[in-house]
Amino acid sequence: MSAPVPPTGEPLALDLVNTRPTIGDLLATPDDLRTWWALQAERLPDAAPEQVTAADLAAVRAVRGHTARALAHVRRGEKPTTVDLAALNEVQRAAPAISELAWDGSVVTATRRRDGTPGQRLAAWLAEAAADLLADPAVTKIRECEAHDCVLLFLPAHPRRRWCSAARCGNRVRVARHYQRHKNG
């Protein structure tokens with residue numbers, strides 16, 4: 001059986017939180033983080049480095065934990081802990097962002113960049129994504145998948161959406177219901 005593929009396509013902060021499904025951890029090793037980083041490459045300003053360190057992994061997993069706990073509160077309209085908010089702020093401060101100006105030959109360009117190691121920069125980008133999501137009024141619309149064995153979160157584009165993925169959990173739930181209806185028939 002192949003290793004589970006981390007789900008992608010939700011806001012970046014949700015994709016990060018969703019790397020911790022019901023069973024296991026999709027960011028258990030530095031190689032797992034490198035794989036996830038590569039899957040998110042179009043959404044992140046830095047490409048995954050050849051070597052991802054244990055420190056990089058620890059920084060990203062810490063952001064994931066603080067984000068998950070803060071989201072659990074904010075989704076219910078409750079105040080998140082000061083510790084979680086302060087930690088997300090501190091991670092962003094550790095790799096400050098600037099708009100780096102350059103001349104491309106005809107116009108001035110501004111590229112958002114961060115200082116620090118690759119892991120510090122990734123953790124800061126993820127903490128910033130978490131801050132954006134936590135401050136977004138849509139945060140209260142985030143749902144947990146309705147499949148009984150799934151804890152993944154999603155931001156529904158349609159109010160009737162019930163599963164993290166129609167192909168992943170939706171099909172599994174529909175097949176199980178069909179089986180239950182027809183097993184005694």
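Mentor: Keeping in mind that this is a predicted model, we can start with α2 and α5, where Leu33, Trp36 and Trp37 in α2 meet Pro118, Gly119, Leu122 and Leu126 in α5. By class, that contact of α2 with α5 divides into six nonpolar residues, one polar and no charged.

Trainee: And at what angle do the axes of α2 and α5 cross?
Mentor: The axes of helix α2, residues 30–39, and α5 come within 13 Å and cross at roughly 55°, which means that α2 is oblique to α5. The crossing in which α2 passes α5 is left-handed.

Trainee: OK, what about α4 against α5, how do those axes run?
Mentor: Helix α4 covers residues 82–94 and helix α5 covers residues 118–135, and their axes come within 8 Å and cross at roughly 135°, so α4 is oblique to α5. Here, too, α4 passes α5 in a left-handed crossing.

Trainee: Which residues in α4 meet α5?
Mentor: On the α4 side they are Leu85, Leu88, Val91, Gln92 and Ala94, and among their partners in α5 are Ala123, Ala127, Glu128 and Leu134. The contact of α4 with α5 has 10 nonpolar residues, two polar and one charged.

Trainee: Switching topic, what lines the second largest pocket?
Mentor: That pocket, with a volume of about 220 Å³, is lined by 14 residues, and Val17, Arg20, Ala68, Val151 and Leu153 lie nearest its centre. Helix α3, residues 54–75, gives the most to the lining, with seven residues.

Trainee: How many of the lining residues are charged?
Mentor: Five are charged, alongside seven nonpolar and two polar residues.

Notes
Residues are numbered from 1 along each chain as its sequence is written. This is a predicted model: local features need pLDDT of at least 70, side-chain atom pairs count only at pLDDT 80 or more; totals for chains, interfaces and linings use all residues. Side-chain values use heavy atoms; hydrogens and water are left out. Axes are lines fitted to C-alpha atoms, for helices over the stretch in contact, and angles run from 0 to 180 degrees between N-to-C directions. Helices (H or I, at least four residues) and strands (E, at least two) are DSSP runs, numbered from the N terminus. Angles under 35 degrees count as roughly parallel, over 145 as roughly antiparallel, 65 to 115 as roughly perpendicular and the rest as oblique. A crossing is left-handed if the near helix is turned anticlockwise from the far one by less than a right angle, and right-handed if clockwise. Contact means heavy atoms within 4.5 Å. Ala, Val, Leu, Ile, Met, Phe, Trp, Tyr, Cys and Pro count as nonpolar, Asp, Glu, Lys and Arg as charged, and the others, Gly among them, as polar. On a 1 Å grid over the protein atoms alone, a cavity is a set of points where a 1.4 Å probe fits but cannot get out, and a pocket is an open set with protein on both sides within 12 Å along at least five of seven lines; lining residues have an atom within 4 Å of a point. Grid points are joined across faces, edges and corners, and a volume is the space filled by probe spheres set on the points.
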